[in-house]
Each structure stands twice: as structure tokens, then as C-alpha cells.
Amino acid sequence: YYIDPDGDGATVQVQCDMTRAGGGWTFGVKAWQGAGIHGQQGAVGSVANALTLEGAAYKLADQTIRDIIGSSNNFDLLADQAGHN
């Protein structure tokens, strides 16, 4: 999917899960201890890495995640552990 989280017309490609727990989940981060992305503010990896078991880390840029959450700072979190990720 492509979304425009801040409404400026520039889109960002994201991976969305439209089936689990009612659907509508946007993948923001795929990481594990030692993935090397702690403290990174920019995007890491590509959207293709979002669903792969193990493989490379993936993260939307912090500002993109803030734009998706919105000014209410109210959001739901779905965490999953597959393999060792």
C-alpha cells in the first residue's frame, strides 16, 4: 500500500496486514536485539523486508510513524514473534 500520512501529497510505501486481529495494521518496525537499528530516526531497510522471517531489519522513519499515529498519540500496538525476530 501507499499512504500519505502527513497529507502533503508525498506517499510512502508500507506493508499492511488486512486480516490479523481485524485488519488495518501498518507494519512500522521489524527488529530484534542486535539488529543495529536502535536510535535510528530514519527509515531502515525496505518494505520487502517487513514480512520476511529473519532477514534484514525494517523500520519506517520516526516522523512517518508519528504522522500515522497523529496528534492524539493514541494508537494500538500489535506485536508478533516469528522465529527469533
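Entry 1: I began with V14 and set aside its neighbours within four places in sequence; V14 is then in contact (heavy atoms within 4.5 Å) with Y1, I3, T26, V47, Y58 and L60. The model is predicted, so I noted its limits: local features need pLDDT of at least 70, side-chain atom pairs count only at pLDDT 80 or more, and totals for chains, interfaces and linings use all residues. Residues are numbered from 1 along each chain as its sequence is written, and side-chain values use heavy atoms, with hydrogens and water left out.

Which residues make up the largest nonpolar core? I found seven in all: V14, C16, F27, V47, A50, Y58 and L60. A nonpolar core here is a set of buried Ala, Val, Leu, Ile, Met, Phe, Trp, Tyr and Cys residues joined through side-chain atoms within 4.5 Å. Buried means under 20% relative accessible area, exposed over 50%, and partly exposed in between, with a 1.4 Å probe and protein chains only. I also wrote down that nonpolar side chains tend to be buried together in soluble globular proteins.

**Entry 2: D17.** I looked up D17 next and found it in strand β3, residues 16-17. Strands are DSSP runs of E, at least two residues; helices are runs of H or I, at least four; both are numbered from the N terminus. Is D17 buried or exposed? D17 counts as buried because its relative accessible area is 11%. Leaving aside neighbours within four places in sequence, I listed G23, G24, W25 and F27 as the contacts of D17. The D17 side chain also reaches the backbone nitrogen of R20 at 3.0 Å.

**Entry 3: salt bridges.** How many salt bridges are there? I counted two, taking a side-chain nitrogen of Lys or Arg within 4 Å of a carboxyl oxygen of Asp or Glu. One joins R20 and D17, with the closest N and O atoms 3.0 Å apart. R20 is partly exposed, at 31% relative accessibility. K59 and D62 form a salt bridge too, at 2.7 Å from N to O. K59 is buried at 6%, whereas D62 is partly exposed at 23%. As background, side chains of opposite charge can pair when their charged atoms come close.

**Entry 4: the whole protein.** I found one helix and six strands, in the order β-β-β-β-β-β-α along the sequence. Of the 85 residues, 21% count as buried. The C-alpha atoms fill a box of roughly 35 × 30 × 20 Å along the principal axes.

Definitions and conventions: Polar contact = N/O pair within 3.5 Å; in protein donor to acceptor, adjacent residues only side chain to side chain.
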